[in-house]
Amino acid sequence: MFHGLPNEDPYSHLATYTEICNTVKLAGVPEDAIRLGLFSFYLFGEAKRWLHSFKGNSLKTWDEVVEKFLKKYFPESKTAKGKAVISSFHQFPDESLSEALERFRSLLRKTPTHGFFEPIQLNIFIDGLRSQSKQLLDASAGGKLS
């Protein structure tokens, strides 16, 4: 259920919703029609009001609904903020290498539209590590990574 609250993840919501819809099969009814028809039942409060603000059948395809939903609940400003947090990643003083990696991966998941290719992600992560962790990575790689 999605309410449109700032702490809710619209990408996670859509993934869960799609997974649920994929369990519903009706002979002769396209997947998109099922998704469109059931979507309002998965929204509450502000999010439901937002969906009902579209007149009649102005949203004709599932892709259109997804595009407008993400534009509303994951706007460019949220992407920019997430990118800034990812770019400024630094390992905490008491954080292990594996904990830092999991936290970094979590930051990437929170902003799926970050646009950082894997080599850039790796550079950001390594650059944000404490020197002790960098030395550990260099030693396990058999040479200098950064």
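Me: L136, buried or exposed?
Reply: L136 counts as exposed, at 51% relative accessibility. On the scale used here, buried means under 20% relative accessible area, exposed means over 50%, and partly exposed is in between, with a 1.4 Å probe and protein chains only.

Me: Where does L136 lie?
Reply: L136 lies in helix 8. Helices (H or I, at least four residues) and strands (E, at least two) are DSSP runs, numbered from the N terminus. The model is a predicted one, with local features needing pLDDT of at least 70, side-chain atom pairs counting only at pLDDT 80 or more, and totals for chains, interfaces and linings using all residues. Residues are numbered from 1 along each chain as its sequence is written, and side-chain values use heavy atoms, with hydrogens and water left out.

Me: Where is confidence lowest in the protein?
Reply: In helix 8 (residues 131-141), with a mean pLDDT of 84. Helix 7 (residues 118-127) has the highest confidence, at 95. pLDDT is the predictor's confidence in each residue, from 0 to 100.

Me: And what is the mean pLDDT of the protein?
Reply: The mean is 91, and 99% of the residues reach 70 or more. Where pLDDT is low, the predicted coordinates should not be read in detail.

Me: Which residues are buried in helix 7?
Reply: Q121, I124, F125 and I126 are buried there. The cover over the buried residues of helix 7 includes helix 5, helix 6 and helix 8.

Me: Moving to the loop between helix 6 and helix 7: where does T111 lie?
Reply: T111 lies in that loop, helix 6 being 97-110. T111 counts as buried, at 4% relative accessibility.

Me: What is T111 in contact with?
Reply: Leaving aside neighbours within four places in sequence, T111 is in contact with F74, T79, G82, K83 and I86. Contact means heavy atoms within 4.5 Å.

Me: T79, then. What is T79 in contact with?
Reply: With neighbours within four places left aside, F74, T111 and T113. T79 lies in helix 5 (residues 76-87) and is buried, with a relative accessible area of 7%.

Me: Different topic. At what angle do the axes of helix 1 and helix 4 cross?
Reply: Roughly 155°, and the axes of helix 1 (residues 10-21) and helix 4 (residues 62-73) come within 10 Å. The two helices are therefore roughly antiparallel to each other. Axes are lines fitted to C-alpha atoms, for helices over the stretch in contact, and angles run from 0 to 180 degrees between N-to-C directions. Under 35 degrees counts as roughly parallel, over 145 as roughly antiparallel, 65 to 115 as roughly perpendicular and the rest as oblique.

Me: Which residues make the contact?
Reply: Helix 1 contributes P10, Y11, H13, L14, Y17 and T18, and helix 4 contributes W62, V66, F69, L70 and Y73. The contact residues divide into nine nonpolar, two polar and no charged. Ala, Val, Leu, Ile, Met, Phe, Trp, Tyr, Cys and Pro count as nonpolar, Asp, Glu, Lys and Arg as charged, and the others, Gly among them, as polar.

Me: What about E64, where is its place?
Reply: E64 is in helix 4 and counts as partly exposed, at 25% relative accessibility. Leaving aside neighbours within four places in sequence, E64 is in contact with S58 and L59.

Me: Last one. Which residues are buried in helix 3?
Reply: In helix 3 (residues 45-52), A47, W50 and L51 are buried. They cover an arc of only 95° around the axis, which puts them on the same side of helix 3. The arc is that of the directions from the helix axis to the C-beta atoms. Helix 4 is included in what covers these buried residues, while the face of helix 3 turned away from its buried side carries the exposed R49 and H52.
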